[in-house]
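Colleague: I am new to this structure. Could you walk me through it?

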Amino acid sequence: MSQAVAEAETNSDRSASSPSINDLVIKIATPNGSGSQSANLILMRSIFTLGVPVGAKNLFPSNIQGLPTWFIVRVNENGWLAHRNHTDLMVAMNPQTAAEDITELDPGAMLVIDETFKSLVKRDDLHCFFIPFNTLVKEACPETRLRKMVVNVMYVGVLASVLGIPFEEIGNAIDWQFAKKIKAAELNKTAALAAYTWAEEHLPKQNLHRLERRNLTKDKIVIEGNEAAALGMLFGGVTFLAWYPITPSSSLCEHLIKYLGKHRRDPETGQATYAVIQAEDELASMGMVIGAGWAGARAFTATSGPGISLMAEMAGLAYFAEIPSVIVDIQRMGPSTGLPTRTSQGDVAKAYYLSHGDCKHVLLLPGNMQECFEFSEEALHLAEQLQTLVFVMSDLDLGMNKWMSDSFTPSTKPISRGKVLNAEELSRNGEFARYRDVDGDGIPYRTLPGTLHPNAAYFTRGTGHTEIATYSEKPEDWQRNIDRLHRKFDTAREVVPQPMVSETEGSVAGIIAYGSSDPAVAEARHILETKHDIKTSYLRLRALPVNGAVKAFCERHSLVCVVEQNRDGQVTSILRGEYPEFGAKLKPALHYNGMPIDADSVVELVLQRIAEQKGSK
Amino acid sequence: MSTTVADVSKETKAPAASSKTNRIGLTMQDYRGAESTLCAGCGHDAITNSIIKAFFELGVDPHMVAKLSGIGCSSKTTNYFLNQSHGFNSLHGRMATIATGSSLANRKLINIGVSGDGDTASIGLGNFSHMVRRNAHIVYIVENNGCYGLTKGQASATADRGTRMKSGQTIESAPVDLCSLAIQMGCGFVARSFSGDTQQVRTLLKAAIAHRGTAVLDIVSPCVTFNNHEGSTKSRCTKWTSFPTTKTFRSSTKKAPPKSSRCTTVPGSP
């Protein structure tokens, strides 16, 4: 067995005598389909139960087996869990990428690698731990075919030793991960313990990073945004889902199907009280949602950018025919080859204006797990309240990565179906005009098919209709109708989730951000203030269209950096359209390389915008 | 079947007003809709009247009916019957999806979908096939005239091979046979009829409404404006003694077009 090498010189600014506690990024490189996901979740779980805040990103390829995948775990007891580009500890288990994985490390970083790849390590500025994984796995796992899987839990055992995670936490996490699969749990525990014991005996103690028990994860949960959104739909009273599989949205639907099957059965008959259809394409899934919404269901679909493109015509129908419907867009990079498994905020402008004619849609912009949960219900609610299509603009980073969160509190407000007239109300009103603005808010009243009243029926068309839903091509009828739709959009401004504003006295710049950028922006503001002595104020958009709160924020600041994860500053353009008077001070700060946005990038972008502003004065 | 297209005209008149009531106490008038705006003599109007009569005779409560359609002349007709039913004139080719959603949202509704051959066999073929496959509870009527009416006479995917369109284009490719497609997709109720044979259409409609699951009615319905000329297989000149098929039909009036133009005559080709 080889001797571990840990005496390398380092340029690290960390003092060798005092390790950093509960603050590091672990990056684990494996080939996909090798069963490493379970091991990674076990590692993450053990840190979580140690009481230390932890989050993880799964960088995976559009592939089932063999291509490189990375699992990035960030541990931070201050709760900064945004993506970070620097790796403190690399676990290089994939020979295909090991050379590159080693090259990208900063001097002083730690490297856990199989001893057979020793020749790949040509640097002397790393703290290397060479592990005889082959020998260890042979001893721990008699069955040859299982070794490829079991070896993964062995790096978890090694990391527990290196970082000081009590083995008991690993054991508990294994039991939790394999739940009822007792044999698998035992095998994994044996293997993890063997690796842990070997590491304890053979590896020198490092003094760079340690994990210590804290009590910071009490009442917290770890969840993916897609599962949070699925739960939100369940609690929000969804009755209809039509979907077409597309990464990264499929898991939302799959989670919901699981929950619906469990919780939505008629207690007497055992029959499902919901409907789910896996459609033949996104045209169909959106068509079904519109048909169901028209007939009275709380209906939604989930998809990603390419699916949104196919739904474009349907979006216009939902807008003009005023049919409650919800699309959850888990945004990712563009067309299907290349980066379909990387995150993006590239669909915002498209969704906002989607379809032909004068269309504008309501967009909800969840920025954390609680909002992924809450905005599902909010979207169903707003769709019925406003009688229109509502988008929830999540993304791959929120949807498919593991986030620590406060646990969810379901809304206690009763489910409202909006302005729906029943037979009794129709009798009382005497008259029913489907598209009349009775209340002055642009939102008309509707009836549902199956309402037993002679006045209930109306004829639904896309465009030309009068207030009483008869066919019309008269210019005045058309314009009156689209002006009313505009009025309805103005009503939406006040009822959508309002922005979260954090004003700091003496701030040099305002930052506007939305969605998954929030944790990176929050951390960046901290860095700007503590390291650069730059104070910033922050407005987090939670929905479009915007209202006076955004205007007031822009008025208060001479520079407003709009942080976005797309190339063209889509929300910047929308804000400039809303407030042309602020056009010059709204500056996009853009991150769009497919990786989740990180605080260092935000800091750099904001500093650039500030410097540019100073330069131009 | 021996009715000719010429018989259609006498059937396009609305059913005579009568005070006769059905089993739920409604008159025929209660099943009518808005005035048709289609061309005089259009086969679709005959189908509309058959729908009115079928629902009247069955004594269906119109409030429990959802009328769905796509886009096209045929799809406009949902406005011309059952005024007391909710109607939805949706998107071109996508009625099958809208109706699927509607049928699942309220399972007590009777969903009647009216579509055309362009709507169903051209742009909406995929969605149609999958609706049938799922056996959604829908009476799906195709008013099949082999051409696009609202966009002025272009060929649809059910235009017969060899037929000559009004523009002079001769169809080279095989037509889509919606009935055999529906059967292949496992449909439990498939029928083909002719708009002029109102008694048969009405009988089939009643059976289809009573059917639980998808019922497909492919009703040949001549277009008197754009598909009623020499060389058309669906014109008044055609004796509808049997339906033309790709095997039996031979164009008697035109030679095959030159090869160079062939690719441009294939409907639906990119």
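Modeller: First, a term: a crossing is left-handed if the near helix is turned anticlockwise from the far one by less than a right angle, and right-handed if clockwise. This is a predicted model, where local features need pLDDT of at least 70 and side-chain atom pairs count only at pLDDT 80 or more, while totals for chains, interfaces and linings use all residues. Residues are numbered from 1 along each chain as written, chains are lettered from A and ligands numbered from 1 in written order, and side-chain values use heavy atoms, without hydrogens and water.

Colleague: What is the hand of the crossing of H7(A) and H13(A)?

Modeller: Helices (H or I, at least four residues) and strands (E, at least two) are DSSP runs, numbered from the N terminus. H7 (residues 225-235) and H13 (residues 369-386) of chain A pack at about 35°, their axes 7 Å apart. Axes are lines fitted to C-alpha atoms, for helices over the stretch in contact, and angles run from 0 to 180 degrees between N-to-C directions. The crossing of H7(A) and H13(A) is right-handed.

Colleague: Which residues of H13(A) does H7(A) meet?

Modeller: Contact means heavy atoms within 4.5 Å. From H7(A) come A:Gly225, A:Ala228, A:Ala229, A:Leu231, A:Gly232, A:Met233 and A:Phe235. In H13(A) they meet A:Met369, A:Cys372, A:Phe373, A:Ser376, A:Glu377 and A:Leu380.

Colleague: Is H4(A) largely enclosed or open?

Modeller: Buried means under 20% relative accessible area, exposed over 50%, partly exposed in between (1.4 Å probe, protein chains only). In H4(A), 15 of the 17 residues are buried, so the rest of the structure leaves this helix largely enclosed.

Colleague: Which residue follows H4(A), with a positive phi?

Modeller: H4(A) covers residues 147-163. The phi of the next residue is near 85°. That residue is A:Gly164.

Colleague: What is the bridge partner of A:Phe240 in E12(A)?

Modeller: E10 (residues 240-243) and E12 (residues 299-303) of chain A pair in the parallel sense over two bridges. The partner of A:Phe240 is A:Ala299.

Colleague: How many of the residues in chain B are buried, as a percentage?

Modeller: Chain B has eight helices and six strands. Of its 270 residues, the buried share is 59%.

Definitions and conventions:
The expected span of a helix is 1.5 Å times one less than its number of residues. Two strands pair if DSSP finds at least two bridges between them.
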